[in-house]
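Hi,

Here is the structure I promised to pass on to you. Have a look at it first, and then read my notes below.

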Amino acid sequence: MRLICLDDDPRIEAVLGRFLKRFGHAVDFHVSIASFKAALASDTPELVLLDLGLGRENGIDVIHWLSETHPGIPLVLLSGHGDDLLDTARRIARSTGIEVLGAVSKSRMVKDLPAILQRGVKAASQRPHQDPQAGAGITRQDLEWQIRSGGIVAYFQPIVAPADGRLKGAEVLARLRLPSGQILGAGEFIPLAESSGLIYEVTETLFERLIESRETIAASGLTFIAVNLSPLILQQERALVLVRRLVDGLGGICAVKIEMTESAATAYPDIVRSVAAQIHLMGVSLAIDDFGIGYSSMRALAELPFDTLKIDLSFVSEMFDSPKALKLLRAMISFGQTLELQVVAEGVETEAQRRLLLEAGVDFAQGYLFGKPMTAELLASNFSVPKTDANPEPGSKPDPDPDPEPESSRAPSVPTGRINGGEIGGTIMVVDDDQRMLHAIARMVTAWGYRCETFTDARTALQICEDTAPALLIVDIYMPELDGFEVIKRMRQIAPSTRIVAVSGDVVRGHHTNVLDMCRVLGADAILQKPIAPERLEATLERLIGGPDQSESGGAPVASVRSPGPQRVEDPQSDDRAAVP
């Protein structure tokens, strides 16, 4: 990538220059804001590296300038002032619309930057070409005609149990199908509907579509649907007519949950309080949506009969980037549990997020990990349970829907213990760039009767696992190129049933994040501190995979060593009788 870096410390140029060139990046350095702005005016880079402390000026001013002049350039923030400042700057940049790929403390720059830049390269290659005609504005007359002619359609985003991915409910999202077949998201026509007085008609039509689809909805097996009501509807008595019609129309099929944002709940408190109470008396659940981003969420919870709390996706998306966001997320989950509310986490996109949220105790999860918004037919196709098979794999049926998003909307299969490319073998795999550690573990493991393969290169080990996965993986956390955190994450995708033991001589990674917590979140079954006591390692192996299976080797343990090249790694001249270092 072509990078431009603004940092008033000239020593950074020497450090980053050599470092980034090793990864094939071309870097243009600037120590003054004036020369930085002039360079951007003449040539647009693919990424900006920005230091927050710039002498008498600061990076926050530059962020605001970039948002006005070059909002499409992704940004990586650098600072030597601690993680809290980086976290605040990240939020400022994102609030202006700038894409922030990462925020890096200078003390961890050499270690953390490569992975961030790699994500930047991947994101740039996957960034779709924007059609200048896509999402073209529509007029009030266009919208009114579309409502009458059946252009309002209902899409469903799955809400699942985080433990096993089972469908529990779905959030209903309004879509507008244009005569050309293009599907517009709610953000592209709902503001027009609200400003032009058509929001009631849009909502009424959407509810009728839901009732018409009752049999298809029933086939998906969900227990509730969640629908959003605009603040402009909530302040009207007619809202009760709409909700009653939907409840009656879906009677016997599923329950109805009404979602309202904190801002909607507090805009017209007296009217909304009355409407909310009457809706609740109909047997309809109430959820406070986007919890955590408003200023009066506590007051709304105190005054209205909510039974569900939906945590805003911003906290989920930032949980691994911001220690503060992670603490707030855990606090909100605990808060919801204390009030005996169902807690739903929005914006779940990765397996690591799912695992942390499950550990923290959320009841339901929603996000692209489980499925993008989809039609009722696709929802039923992905999640319905045939009578002959109580546990089908989501997405196993053909896609009946010709609309956009079908493939990417499919819900991913929840790991069932099967391995892509091969069955689980009875082997223990050890991955560590320290050859002394590698051989010490191998000697102990084979002495106990297990089969063992050792690797100094994590990428090679992962490639082997795609064909035949081991019964158990022992992986060091700190390794060059590909660290243990990434290995654990990828192994959970390649071989979900392989047991994983993480080992590390350091309990703290960086400034805040605990290695033990991170390993557990990513899916490690056990974490052992170096030096490893042999009795602890043996007890851990017996607990996770039982005693050794010698049937594959005729009763004799087998050990082999693999490294990036063809040369065999030799046993070092050392004595490891007491403990593994």
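Phe364 is buried in this predicted model, because its relative accessible area is 12% and buried means under 20%. Phe224 is buried as well, at 9% relative accessibility.

How far apart are the ring centres of Phe224 and Phe364? They lie 5.8 Å apart, and with the planes at 50° the pair counts as tilted.

The charged end of Lys257 is over the ring of Phe224, 5.0 Å from its centre. Over the ring of Tyr200 you will find the charged end of Arg238, 3.7 Å from that ring's centre.

In soluble globular proteins, nonpolar side chains tend to be buried together. The largest nonpolar core here has 109 residues, and Phe189 and Leu210 have the most contacts inside it. Helix H8 (residues 199–212) gives this core its largest share, 7 residues. Beyond its neighbours within four places in sequence, Leu210 touches several residues, including Ala154, Phe156, Val172 and Ile217. Another core, of 23 residues, lies apart from the largest one, and Trp65, Ile73, Leu77 and Ala89 are among its members.

Lastly, the cysteines. How many disulfides does the structure hold? The number is 0. Cys254 is buried at a relative accessible area of 12%, and Cys519 is buried at 0%.

Enjoy exploring!

Key. Residues are numbered from 1 along each chain as its sequence is written. This is a predicted model: local features need pLDDT of at least 70, side-chain atom pairs count only at pLDDT 80 or more; totals for chains, interfaces and linings use all residues. Side-chain values use heavy atoms; hydrogens and water are left out. A nonpolar core is a set of buried Ala, Val, Leu, Ile, Met, Phe, Trp, Tyr and Cys residues joined through side-chain atoms within 4.5 Å. Buried means under 20% relative accessible area, exposed over 50%, partly exposed in between (1.4 Å probe, protein chains only). Helices (H or I, at least four residues) and strands (E, at least two) are DSSP runs, numbered from the N terminus. Contact means heavy atoms within 4.5 Å. A disulfide is a pair of cysteine sulfur atoms within 2.5 Å. Rings of Phe, Tyr and Trp (its six-membered ring) pair if their centres lie within 6.5 Å; planes under 30 degrees apart count as stacked, over 60 as edge-to-face and the rest as tilted. A charge sits over a ring if NZ of Lys or CZ of Arg is within 6 Å of the ring centre and within 35 degrees of the ring normal.
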